[in-house]
Amino acid sequence: MGPTVGLLPPLLLALAGAARGTFTVRAWPQVAVVPFGGSVAINCSHSACPDHEPSLGLETSLTKNAAAAGSRWQSFLLVNVSEWSPQPALCYATCGEQRATAPAAVLVYRVPERVVLEPVPAAAVGESRNLTCRVAEAAPLANLTVTLRRGGETLRTQSFGAAAGSASVAVSHLLTVGPGDHGQDVTCCFNLSLEPHERFFNCSAVPVQLTVYAVPEKVMLEPVPQMAPGKNYTVTCQVESAAVIYNLTVTLWRGGEKLATATFPNATSMAVAYSVTAREQDHGENLTCQASGPLFTRTSAPVTMEVVEPPSYVLLALLLMLLLIAVLGGAGFIYAAHYHAEKCGIYHLLRWQNKDKS
């Protein structure tokens, strides 16, 4: 769509000049805002000039074309504006010996071609990562601000000094991540303010999502008792973490054999219990617990399995019976010996008494 030619303000200004009896020229708009390489209209008008018909002109280093005109105004179209800081255009007219002029500033701008957030590597809780936003080719740079946000929180807003032409800029912020940052969106927005004339605002097309993970402080297997083959035992793995661990997987291993796995989307400190059936061939094998996430793996110290066949109850009963027989037999032998000793003692005593009588 072509530029709009404003007619009413120049005419009102020209009439105001006529009422004062002074020959005047006005330019509208006073600041012509135009994108680099684009076109913009400047309207020149003059007040009444008795006995003369002044001709309006526009002095500028830019390419111009005369456009619509009226009795006291003339519109000029600046085309293919390719200077970054052109001198003001000058509307002029002559009434008799009076020459009047009016300047119109030309503000050339360029809306950034693209806004890009650099990828952010995953980080453990407490680590720091650079958030970097690149804004390509903006002008005038002194009118540009760039803002980095985490969710709805502003992390950094940066403005820039004057620069010739358009330029690309980068804005960085060092972020130390916490457990609550996981899944948060980082966005980068620019504001090219040409107020009160124009304002352009936009954000990066693709936000960057933060990936934050916690690493368990401790992974430990609780001690297990001596085991009997064929019996089930509970093995408990303790995972301790002060921060939330996302997508935690806890796995129980017997040697190189995976026995069981459990996955938790969000977890802190926890105890995971598994049921294990002991086998004779497991004697001497190591049980280990492994806690892992997308970017870490931690393994507990091993716990050695002690699997022992319990003694047979029949054999135990037989041994007890033999022990009882041995005990009873020993007691009988002692009693018999004692009884024999007593009898022998009485016999010898009677014999001694009989000898005395004779």
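At 0% relative accessibility, C91 counts as buried, where buried means under 20% relative accessible area, exposed over 50% and partly exposed in between (1.4 Å probe, protein chains only). The structure is a predicted model, in which local features need pLDDT of at least 70 and side-chain atom pairs count only at pLDDT 80 or more, whereas totals for chains, interfaces and linings use all residues. Residues are numbered from 1 along each chain as its sequence is written, and side-chain values use heavy atoms, with hydrogens and water left out.

The partner of C91 is C44, to which a disulfide joins it with an S to S distance of 1.9 Å. A disulfide is defined here as a pair of cysteine sulfur atoms within 2.5 Å. The angle about the S-S bond of C44 and C91 is -65°, and the link is left-handed. Because C44 lies in strand β3 (residues 40-46) and C91 in strand β7 (residues 89-95), the pair ties together parts that are 47 residues apart in sequence. Helices (H or I, at least four residues) and strands (E, at least two) are DSSP runs, numbered from the N terminus. C44 is also buried, its relative accessible area being 0%.

In β3, 7 of the 7 residues are buried, so the strand is largely enclosed by the rest of the structure. On one side of β3 the buried residues are V40, I42, C44 and H46, and on the other they are A41, N43 and S45, so that both faces are covered. Strand β1 (residues 25-28) runs antiparallel to β3 and is joined to it by 4 bridges; two strands pair if DSSP finds at least two bridges between them. Within this pairing, C44 of β3 is the bridge partner of A27. Strand β6 (residues 73-78) also pairs with β3 in the antiparallel sense, over 6 bridges, and F76 in β6 is the bridge partner of I42.

A search of the whole structure finds 5 disulfides. When the bonded cysteines of the chain are numbered in sequence order, the pairing is 1-3, 2-4, 5-6, 7-8, 9-10. One of the disulfides is formed by C189 and C203, whose sulfur atoms are 2.0 Å apart. With 90° about the S-S bond, this link of C189 and C203 is right-handed. C189 lies in strand β15 (residues 185-194) and C203 in strand β16 (residues 198-203), so the pair ties together parts that are 14 residues apart in sequence. C189 is buried at 3% relative accessibility, while C203 is partly exposed at 28%.

A further disulfide joins C237 to C289, with an S to S distance of 1.8 Å. The link of C237 and C289 is left-handed, with -80° about the S-S bond. C237 in strand β20 (residues 232-240) and C289 in strand β24 (residues 286-293) are 52 residues apart, and the pair links distant parts of the chain. Both cysteines, C237 and C289, are buried.

C237 is also among the residues that touch the most other members of the largest nonpolar core, which has 31 residues; the others are L221, M227, V235, V239, L248 and V250. A nonpolar core is a set of buried Ala, Val, Leu, Ile, Met, Phe, Trp, Tyr and Cys residues joined through side-chain atoms within 4.5 Å.
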